Amino acid sequence: MIFNADKGAYEKTLFLKQGYYNYSYVTITDNRGAGNFSIANTEGNYWATENNYMVLVYYHAFGARADELIGFTSLNSLLQPVGN
(Lines give C-alpha, C1' and ligand atoms only; values in the text may rest on other atoms or scores of the structure.)
Protein backbone atom coordinates (compact mmCIF):
# COMPACT_ATOMS: atom_id res chain seq x y z
CA MET A 1 0.00 0.00 0.00
CA ILE A 2 1.12 3.55 -0.66
CA PHE A 3 0.42 6.48 1.65
CA ASN A 4 -1.71 9.20 0.02
CA ALA A 5 -0.84 12.44 1.84
CA ASP A 6 -3.84 14.30 0.36
CA LYS A 7 -6.29 11.81 1.90
CA GLY A 8 -4.14 10.89 4.89
CA ALA A 9 -4.63 7.19 4.19
CA TYR A 10 -2.92 4.20 2.62
CA GLU A 11 -4.27 3.07 -0.77
CA LYS A 12 -3.80 0.16 -3.16
CA THR A 13 -5.73 -0.82 -6.28
CA LEU A 14 -6.07 -4.54 -6.96
CA PHE A 15 -7.76 -6.34 -9.83
CA LEU A 16 -9.48 -9.38 -8.30
CA LYS A 17 -11.87 -11.97 -9.66
CA GLN A 18 -15.44 -11.82 -8.43
CA GLY A 19 -15.86 -13.75 -5.21
CA TYR A 20 -15.29 -13.67 -1.47
CA TYR A 21 -11.93 -12.72 0.02
CA ASN A 22 -10.60 -12.86 3.57
CA TYR A 23 -7.93 -10.32 4.45
CA SER A 24 -6.24 -8.67 7.41
CA TYR A 25 -4.36 -5.43 7.82
CA VAL A 26 -0.97 -6.20 9.35
CA THR A 27 2.25 -4.35 10.12
CA ILE A 28 5.79 -5.69 9.87
CA THR A 29 7.38 -5.95 13.32
CA ASP A 30 11.00 -5.80 12.11
CA ASN A 31 12.83 -4.05 9.28
CA ARG A 32 14.34 -7.22 7.86
CA GLY A 33 10.99 -8.48 6.53
CA ALA A 34 11.54 -11.92 8.02
CA GLY A 35 7.80 -12.63 8.02
CA ASN A 36 7.11 -11.29 11.52
CA PHE A 37 3.72 -9.66 11.22
CA SER A 38 1.46 -8.13 13.87
CA ILE A 39 -2.23 -7.14 13.88
CA ALA A 40 -1.94 -5.29 17.21
CA ASN A 41 -1.48 -1.88 15.53
CA THR A 42 -4.55 -2.25 13.33
CA GLU A 43 -6.90 -4.47 15.37
CA GLY A 44 -5.83 -3.64 18.91
CA ASN A 45 -4.64 -5.85 21.70
CA TYR A 46 -7.20 -6.96 24.28
CA TRP A 47 -5.11 -9.38 26.37
CA ALA A 48 -6.11 -7.61 29.62
CA THR A 49 -9.84 -7.63 28.88
CA GLU A 50 -11.81 -9.00 31.81
CA ASN A 51 -14.65 -11.40 31.10
CA ASN A 52 -17.07 -13.15 33.45
CA TYR A 53 -18.38 -16.59 32.51
CA MET A 54 -21.23 -18.59 34.03
CA VAL A 55 -21.07 -22.35 33.41
CA LEU A 56 -24.23 -24.39 33.87
CA VAL A 57 -24.12 -28.20 33.58
CA TYR A 58 -27.37 -30.00 32.85
CA TYR A 59 -28.26 -33.70 32.86
CA HIS A 60 -31.12 -35.20 30.89
CA ALA A 61 -32.00 -38.69 32.11
CA PHE A 62 -33.35 -41.18 29.60
CA GLY A 63 -37.14 -40.87 29.56
CA ALA A 64 -37.16 -37.74 31.70
CA ARG A 65 -39.39 -34.83 30.77
CA ALA A 66 -36.99 -32.09 31.85
CA ASP A 67 -33.29 -31.33 32.24
CA GLU A 68 -31.73 -31.22 35.71
CA LEU A 69 -29.15 -28.65 36.74
CA ILE A 70 -26.33 -30.67 38.32
CA GLY A 71 -23.46 -28.17 38.34
CA PHE A 72 -22.75 -24.47 38.34
CA THR A 73 -19.66 -22.31 38.53
CA SER A 74 -18.72 -18.73 37.80
CA LEU A 75 -15.34 -17.88 36.26
CA ASN A 76 -13.41 -14.68 35.68
CA SER A 77 -10.80 -14.47 32.92
CA LEU A 78 -8.33 -12.58 35.14
CA LEU A 79 -8.81 -14.59 38.33
CA GLN A 80 -8.39 -18.29 38.99
CA PRO A 81 -11.61 -20.22 39.80
CA VAL A 82 -12.32 -20.74 43.49
CA GLY A 83 -13.19 -24.21 44.72
CA ASN A 84 -14.10 -27.05 42.33
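A polar contact is taken here as a pair of N or O atoms within 3.5 Å; within protein, one atom must be able to donate a hydrogen and the other to accept it, and residues adjacent in sequence count only if both atoms are side-chain atoms. The model is a predicted one, in which local features need pLDDT of at least 70 and side-chain atom pairs count only at pLDDT 80 or more, while totals for chains, interfaces and linings use all residues. Residues are numbered from 1 along each chain as its sequence is written, and side-chain values use heavy atoms, with hydrogens and water left out.

The side chain of N76 makes polar contacts with the side chain of E50 at 2.6 Å and with that of N52 at 2.7 Å. Setting aside neighbours within four places in sequence, N76 is in contact with E50, N51 and N52, where contact means heavy atoms within 4.5 Å. With a relative accessible area of 15%, N76 is buried (under 20%; exposed is over 50% and partly exposed lies in between, with a 1.4 Å probe and protein chains only).

Turning to the aromatic side chains, rings of Phe, Tyr and Trp (its six-membered ring) pair if their centres lie within 6.5 Å, with planes under 30 degrees apart counted as stacked, over 60 as edge-to-face and the rest as tilted. This rule gives 2 aromatic pairs. The ring centres of F3 and Y10 are 5.1 Å apart with planes at 65°, so this pair is edge-to-face. F3 is partly exposed at 46% relative accessibility, whereas Y10 is exposed at 54%. The rings of Y23 and Y25 are also edge-to-face, because their planes stand at 80°, with centres 5.7 Å apart.

Opposite charges come next. Side chains of opposite charge can pair when their charged atoms come close. With a salt bridge defined as a side-chain nitrogen of Lys or Arg within 4 Å of a carboxyl oxygen of Asp or Glu, the count comes to 1. The side chains of E11 and K7 form a salt bridge, with an N to O distance of 2.9 Å. E11 is partly exposed at 32% relative accessibility, and K7 is exposed at 61%.
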